[in-house]
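Start with the sequence and the model, then read on.

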Amino acid sequence: MKGNIYVYIIIMAAVTYLIRVLPLTLIRKEIKNKTIKSFLYYVPYVTLAVMTFPAIIEATGSIWSGVVALVVGVALAYFGAGLPIVAALSCLAVLFTELIF
């Protein structure tokens, strides 16, 4: 699909701008509803998870090594391991799983 790239850039900029400005202009009072506050609190985490999860599964040679790396990473993070440890051991889990399969 061919078109003017500047039109696409302007539309993208307008949508991005409106997403950021509309809440500031439409919501003047403090949000007191617990459900809405809880929803807004978790939006960044859910967005990150939705973008990251498929990449973890599909980034390796087989789906099984991605699943093993995900399980290892989640388990290590749950037990308090730091990010470098989680990343390194997840990579090793992928390596060993790829060698086995």
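Val72 is partly exposed, since its relative accessible area is 25%. That value falls between the limits for buried, under 20%, and exposed, over 50%. The model is a predicted one. Val72 sits in helix H3, which covers residues 63–78.

Which residues does Val72 contact, leaving aside its neighbours within four places in sequence? They are Leu89, Ser90 and Ala93. Val72 and Cys91 are 19 residues apart in sequence. In space, their C-alpha atoms are 9.6 Å apart.

Helix H4 spans residues 83–100 and includes Ser90. Is Ser90 buried or exposed? Ser90 is buried, because its relative accessible area is 12% and the cut-off for buried is under 20%. Ser90 is in contact with Ala69, Val72 and Gly73, once neighbours within four places in sequence are left aside.

Thr97 counts as buried, because its relative accessibility is 8%. A polar atom of the Thr97 side chain lies 2.6 Å from the backbone oxygen of Ala93. Not counting residues up to four places away in sequence, Thr97 touches Trp64, Ser65 and Val68.

## Ala77, also in helix H3

Ala77 is found in helix H3. Ala77 counts as partly exposed, because its relative accessibility is 46%.

How many residues apart in sequence are Ala77 and Glu30? The answer is 47. In space, the two are 34 Å apart, C-alpha to C-alpha.

## The salt bridge

Side chains of opposite charge can pair when their charged atoms come close. The count here comes to 1 salt bridge. The side chains of Lys37 and Glu30 meet in it, with 4.0 Å from N to O.

How covered are the two partners? Glu30 is exposed, because its relative accessible area is 58%. Lys37 is partly exposed, because its relative accessibility is 43%.

## A nonpolar patch and Tyr8

Part of the surface is a nonpolar patch of about 1,000 Å². Which residues make the patch? They are Ile5, Tyr6, Val7, Tyr8, Ile9, Ile10, Ile11, Met12, Val15 and Ile19.

Tyr8 is one of the patch residues. Tyr8 lies in helix H1, which runs over residues 5–26. Tyr8 is partly exposed, because its relative accessible area is 40%. A patch residue must have over 30% relative accessible area, and Tyr8 at 40% passes that limit.

## The whole protein

The protein has 4 helices and 0 strands. From the N terminus on, its elements run α-α-α-α. The protein is more spread out than a compact globule, because its radius of gyration is 20 Å, well over the 13 Å that the globule rule gives for 101 residues. Along the principal axes, the C-alpha atoms fill a box of roughly 55 × 45 × 20 Å.

What share of the 101 residues counts as buried? The share is 11%, and Ser90 and Thr97 are among the buried residues. The accessible surface comes to about 8,800 Å². Carbon and sulfur atoms account for 76% of that surface. Take the contacts between residues at least 6 apart in sequence: 36% of them join residues at least 24 apart.

Terms used
Residues are numbered from 1 along each chain as its sequence is written. This is a predicted model: local features need pLDDT of at least 70, side-chain atom pairs count only at pLDDT 80 or more; totals for chains, interfaces and linings use all residues. Side-chain values use heavy atoms; hydrogens and water are left out. Patches are made of residues with over 30% relative accessible area and no salt bridge: like charges are joined within 9 Å, nonpolar side chains (Val, Leu, Ile, Met, Phe, Trp, Tyr) within 5 Å. Accessible areas come from the Shrake-Rupley method with a 1.4 Å probe; for residues, only the protein chains shown count as cover. Helices (H or I, at least four residues) and strands (E, at least two) are DSSP runs, numbered from the N terminus. Buried means under 20% relative accessible area, exposed over 50%, partly exposed in between (1.4 Å probe, protein chains only). The radius of gyration is taken over C-alpha atoms; the globule rule is 2.2 Å times the number of residues to the power 0.38. Contact means heavy atoms within 4.5 Å. A polar contact is a pair of N or O atoms within 3.5 Å; within protein, one must be able to donate a hydrogen and the other to accept it, and residues adjacent in sequence count only if both atoms are side-chain atoms.
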